[in-house]
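Here are my notes on this model, point by point. Please read them with the structure open.

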Amino acid sequence: MVEEFIKLKKEANERMDKTINFFKDELKKVRTGRATVGMVEDIRFDYYGNMSPIRQAASLSTPDPHTIVIDPWDKSIIKSIEKGIVESGLNFPVVNDGKILRINIPPLTEETKKEYVKKLKEMAEEAKVAIRNERRDINDKVKKFSKEGHISEDEEKKELDDIQKVTDNHIKLIDELVAKKEKEIMEI
């Protein structure tokens with residue numbers, strides 16, 4: 001039975017870690033006052049009939065806080081990358097000089113910053129709900145073991161407490177990530 005609980009806790013931890021990793025990926029897409037390659041690296045474009053992310057076909061850099069430079073390895077696909085960016089809804093002007101693409105990121109207004117922080121907090125709440133759902137699923141399994149008489153009430157309480165600690169650690173990590181991203185948004 002101990003092995004079952006170890007397996008359950010490991011499974012819960014892995015699922016919560018996946019939620020955290022997904023949340024981190026989503027955070028990359030939230031605009032701050034600075035240009036970041038994360039804003040464009042996953043934008044897909046038509047690469048000889050296949051939809052591919054930009055990061056698989058070009059070098060990405062940010063030479064200054066308000067510019068993203070995309071340098072395709074194959075210059076013949078530059079128009080296709082440009083089209084992918086325009087169709088992505090990024091809504092920033094793309095300058096194509098035939099060799100590289102430049103995206104100029106205008107500074108955020110105070111009102112826009114506040115909107116992004118609000119959106120950020122909504123995303124964080126969704127991630128927390130996903131983590132709490134994982135906790136609920138694992139707790140249900142523990143309670144089922146107890147109800148079927150496989151473990152005592154004391155063991156059930158200990159396992160539920162352990163799962164709560166794992167949950168609390170993941171929620172705390174989300175809060176830390178949000179605080180860091182909020183600082184980035186508000187600083188420029």
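**Notes on the predicted model**

1. Threonine 32 sits in the loop between helix H1 (2-29) and strand E1 (44-47). Helices (H or I, at least four residues) and strands (E, at least two) are DSSP runs, numbered from the N terminus. The model is predicted: local features need pLDDT of at least 70, side-chain atom pairs count only at pLDDT 80 or more, and totals for chains, interfaces and linings use all residues. Residues are numbered from 1 along each chain as its sequence is written, and side-chain values use heavy atoms, with hydrogens and water left out.

2. Is threonine 32 buried or exposed? Threonine 32 is buried, at 4% relative accessible area. Buried means under 20%, exposed over 50%, partly exposed in between (1.4 Å probe, protein chains only). Not counting residues up to four places away in sequence, threonine 32 touches Leu108, Lys181, Glu184 and Ile185. Contact means heavy atoms within 4.5 Å.

3. The largest nonpolar core has 20 residues; Ile54 and Ile70 are among those touching the most other members. Such a core is a set of buried Ala, Val, Leu, Ile, Met, Phe, Trp, Tyr and Cys residues joined through side-chain atoms within 4.5 Å. Strand E4 (67-72), helix H2 (78-87) and strand E6 (101-104) each give two or more residues. H2 supplies the largest share, 3 residues.

4. A second, separate core has 17 residues, including Leu27, Ala127, Ile174 and Ile185.

5. Helix H3 (residues 110-147) has 38 residues and spans 55 Å from first C-alpha to last, close to the 56 Å expected. The expected span is 1.5 Å times one less than the number of residues. Glycine 149 follows H3, with a positive phi near 85 degrees.
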